[in-house]
Amino acid sequence: EIEAYRPMFEAGAYLGARRLNVSGDDPDLDRLGDSFARVCAVAGDYGLGVDLEFMRWRAVGTLGQARRVVERAGARNGGILIDMLHVFRAWSTVADVAALPKGLITGAQIADAPLASPPDDKIIEEARNFRLPPGMGELPLAGLVAALGPDVPYSVEVPRPPGSGLPLGAHLERLHASSQALFDRAGV
């Protein structure tokens, strides 16, 4: 019932939003691609783009599945949002991302983590509560940022760990400094 979301798209556009982040939970990826195309069409009426984010615990759980959905939709305002944690937790590599057609990636979220993935029953908990600032983990983030390049919009998705006691301002300053250091290492 995509038409029911028009007020949300209108409000987003009014507030200056440029893109909408969605995930896919329909296991029929062809049908989901058609639904994604319809969302993109309605969002486009308000000047909004639509980013499909994959997470390994969802029906669209891998980079390959996200690519299939977005390419099936064929919407000019549709693309894939790369969450750096999800890239590596869903068994993709820097080379996989670098091999994507130019323009398919429409945004990237920065987060670091240990190289080893937690057990399957802890993967959501890690994503929600235990992301690390860039450089404080072991993921090959500099290579990924270099592969994405400077034209992709970046954001940082690293919530304060529960019970950390770290003041919000200090947390944000640490994220800014560590993200800038990442861009410097990647040459972006």
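1. Let's start with helix 7. Its buried residues pack against helix 4 (84–89), helix 5 (94–98), strand 4 (105–110), strand 5 (154–156) and helix 8 (168–186). Keep in mind that this is a predicted model.

2. Which residues of helix 7 are buried? Within residues 141–148, they are Leu141, Leu144, Val145 and Leu148. Looking down the axis of helix 7, you'll find these buried residues within an arc of 95 degrees, so they line one face of the helix.

3. Leu148 deserves a click in your viewer. Leaving out residues up to four places away in sequence, Leu148 touches Met84, Val97, Ile105, Ala108 and Tyr154.

4. Now the largest nonpolar core, which has 48 residues. The members touching the most other members are Phe36, Phe54, Val60, Ile80, Ile82, Met84 and Leu148. Two or more residues each come from helix 2, strand 2, helix 3 (63–73), strand 3 (78–83), helix 4, strand 4, helix 7 and helix 8. Which element gives the most to this core? That would be helix 2, with seven residues.

5. Helix 2 (residues 29–44) also turns up in a right-handed β-α-β unit, together with strand 1 and strand 2. The two strands, residues 19–22 and 49–53, pair in the parallel sense over four bridges. If you want a spot to check by eye, Asn21 stands opposite Asp51 in strand 2.

Terms used: Residues are numbered from 1 along each chain as its sequence is written. This is a predicted model: local features need pLDDT of at least 70, side-chain atom pairs count only at pLDDT 80 or more; totals for chains, interfaces and linings use all residues. Side-chain values use heavy atoms; hydrogens and water are left out. Two strands pair if DSSP finds at least two bridges between them. A crossover is right-handed if, with the strands pointing away from the viewer, the path from the first strand over the helix to the second runs clockwise. Buried means under 20% relative accessible area, exposed over 50%, partly exposed in between (1.4 Å probe, protein chains only). The arc is that of the directions from the helix axis to the C-beta atoms. Contact means heavy atoms within 4.5 Å. A nonpolar core is a set of buried Ala, Val, Leu, Ile, Met, Phe, Trp, Tyr and Cys residues joined through side-chain atoms within 4.5 Å.
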